[in-house]
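Open the model in your viewer and keep the selection panel at hand. This tour goes stop by stop: what to select, then what is there.

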Amino acid sequence: EDDFQFLLCEGCRQESPNLKLLTCLHTLCLGCLTENRPVGQCPVCCMAIPQASGIPDMDNLLFTNLQARLKVYKQIVDRVDLCCDNCRQSGQFWCFECFEFLCTKCFESHQRYLRWESHRAKRVVDIRAGSAKDFLEGVRRAGGLSCSKPAHKSQPGSIYCERCEKALCCSCALLDNQHAPFRDIRSETQRRQEELSSMDRELRRRRGGFEATYASLQGEAARLEEAQREMRELIRQRVEQLVRLVRREEEELVGLVEAQQERGRRELARELRHVEGVLRRMEAGERLVEKMGLYATEQEVMDMQPFIKGSLQELQRLPLPMGMDQVEPFAECRARLQAL
C-alpha cells in the first residue's frame with residue numbers, strides 16, 4: 001500500500017477511476033476538480049487551469065491503468081473470483097496480453113492457438129508468490145501498442161509515423177500513402193522516454209536553485225517572525241517602563257499636593273486664630289464700653305478711660321485682614337501634570 005500511494009488523488013487522497021492530469025503535472029479526480037471549478041486553480045500548487053470548464057482534457061492513463069492492474073493483483077492475492085473468463089471454471093492462469101484468467105483447459109487452447117502471438121501467461125500461484133512490482137513488470141513487458149486507426153485497434157502498432165506522430169500497423173503503413181516517413185515504434189518509444197529523462201535531469205538541476213531560494217525565503221520568514229517577537233517584547237518593556245515612570249510621577253505629584261495642602265492648612269489655621277483673637281478683643285471692648293456707660297461711676301470712668309482708650313485705639317489701627325493670597329492652590333501640580 002505504501003509503495004502506491006502516488007496513485008491517489010492529490011486533493012482528497014482517495015482512489016478514483018477518473019484521474020485528470022493538469023498542466024502543473026498534479027493529478028486530481030473529477031470530484032476535486034468540480035469542487036475547485038469556481039477557483040480555477042490547482043488546489044495543490046495554485047497554478048491556473050487553462051481549460052474554461054476547470055476540467056483538464058488529459059486523463060492520467062498511467063495512474064488509471066495501474067489502479068486496474070493492482071486490482072487484478074489484489075484479486076489474485078485475496079483469491080477472490082478467480083474464474084476463467086471463457087468458461088467460468090476455476091482460473092489457474094493469467095494472460096498478461098489478454099488480461100484474462102484462464103482455466104487449465106482454456107490455457108492449453110490459448111497456448112495452442114496463440115503460440116505465434118507471443119502471449120505471456122503465468123500460473124496464478126506463481127503470481128501470488130511474487131510481489132506487486134513483479135506483477136506490474138510482467139504487464140509492462142507484455143503491454144504493446146495498438147494501431148491508432150479505430151478499425152485496426154486489434155492490430156499491433158509496430159511502426160511510427162513521424163508526420164501524424166502515431167503508431168501504425170503494417171497494413172496502414174503499406175496501404176496508406178499519407179503516412180511517411182516511418183520509424184520503428186520501439187525506437188520512438190525509447191527516444192521519448194529518454195527525452196523525458198533528459199528533461200527530468202535538467203529540472204532536477206534547476207530545482208536546486210529553487211530549493212535554495214525557498215530555503216532563503218523560509219529563513220527570511222523566520223527572521224521576520226523573530227523580529228516581530230523582539231519588537232513586541234521591546235514594546236512591552238518600554239510600556240512597563242513608562243508605567244513605572246508615570247506611577248513614580250503620580251506618587252511625587254500626590255506627595256506635592258499633600259504637602260501644599262498641609263502648608264496651606266497651617267497658614268489658614270494661623271490666620272483664623274489671629275482674626276478670631278481680634279474679633280474677641282473687639283467683642284470684649286464693645287462689651288466693656290457698653291457696661292461702662294451703664295454702670296461706671298465718674299471716678300471709675302476717670303481711672304479706667306485712658307487704659308481702655310489706648311486698647312481701643314490699638315484695635316482701630318489694626319489693618320483689615322485681606323485673606324489668603326488668591327493664587328491657584330495647586331498650580332505647580334497642574335503644570336507638571338500637563339507636561340506629563
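How far does helix H7 reach from its first C-alpha to its last? Select residues 185–295 to find out. H7 has 111 residues and reaches 157 Å, close to the 165 Å expected at 1.5 Å a residue. Keep in mind that this is a predicted model.

**Stop 1: along H7**

Centre on Arg206. H7 bends there by about 25 degrees. Now colour the buried residues of H7: Ile185, Glu188, Glu249, Leu253, Leu256, Gln260, Val278, Gly285 and Met292. What do they pack against? Show strands E6 (159–161), E7 (166–168) and E8 (182–184), then helices H8 (298–317) and H9 (331–339). Those are the partners of the buried H7 residues.

**Stop 2: the whole chain**

Zoom out. The chain has nine helices and eight strands. Of its 340 residues, 22% are buried. Take the contacts with a separation of 6 or more: 41% of them join residues 24 or more positions apart.

**Stop 3: the annotated span**

Select residues 9–45. An unreviewed UniProt entry lists them as "domain: RING-type".

**Stop 4: helix H2**

Move to residues 61–78, which form H2. Its 18 residues should span 26 Å at 1.5 Å a residue, and the end C-alpha atoms are 25 Å apart, which agrees. Show the side chains of Phe63, Leu66, Gln67, Leu70, Val72, Tyr73 and Ile76; these H2 residues are buried. Step just past the helix to Arg79, where phi is positive, at about 55 degrees.

**Stop 5: the largest nonpolar core**

Nonpolar side chains tend to be buried together in soluble globular proteins. Here the largest nonpolar core holds 29 residues. Which members touch the most others? Select Leu22, Ile76, Trp94, Phe101, Ile127 and Phe135. Strand E2 (27–29), helix H1 (30–35), H2, helix H4 (124–129) and H5 each give at least two residues to this core. H2 supplies the largest share, six residues.

Centre on Ile127 next. Setting aside neighbours within four places in sequence, Ile127 contacts Tyr73, Ile76, Trp94, Phe96, Lys122 and Phe135.

**Stop 6: aromatic pairs**

Show the aromatic rings. The whole structure has four aromatic pairs. Start with Tyr73 and Phe135: their ring centres are 5.7 Å apart and their planes are at 35 degrees, so the pair is tilted. Tyr73 is in H2 and Phe135 is in helix H5 (residues 132–142), so this pair ties together parts 62 residues apart in sequence. Are these two residues buried or exposed? Both are buried.

Now go to Phe93 and Phe107. Here the ring centres are 3.8 Å apart and the planes are at 5 degrees, so the pair is stacked. Phe93 sits in strand E3 (residues 93–95) and Phe107 in helix H3 (residues 104–113), so the pair ties together parts 14 residues apart in sequence. Both Phe93 and Phe107 are buried.

End the tour at Phe4, Phe6 and Phe63. Ring pairs join these three into a cluster.

Conventions
Residues numbered from 1 in each chain as written. Predicted model: local features only at pLDDT ≥ 70, side-chain atom pairs only at ≥ 80, totals over all residues. Heavy atoms only, no water. UniProt positions renumbered as here; feature names shortened; annotations may be inferred. Phe/Tyr/Trp six-rings, centres within 6.5 Å; stacked < 30°, edge-to-face > 60°. Helix = DSSP H or I, 4+ residues; strand = E, 2+ residues; numbered from the N terminus. Buried < 20%, exposed > 50% of the residue type's maximum accessible area, 1.4 Å probe, protein only. Core = buried A, V, L, I, M, F, W, Y, C linked by side-chain atoms within 4.5 Å. Contact = heavy atoms within 4.5 Å. Expected span 1.5 Å × (residues − 1). Bend = angle between axes of the 7 residues up to and from the residue.
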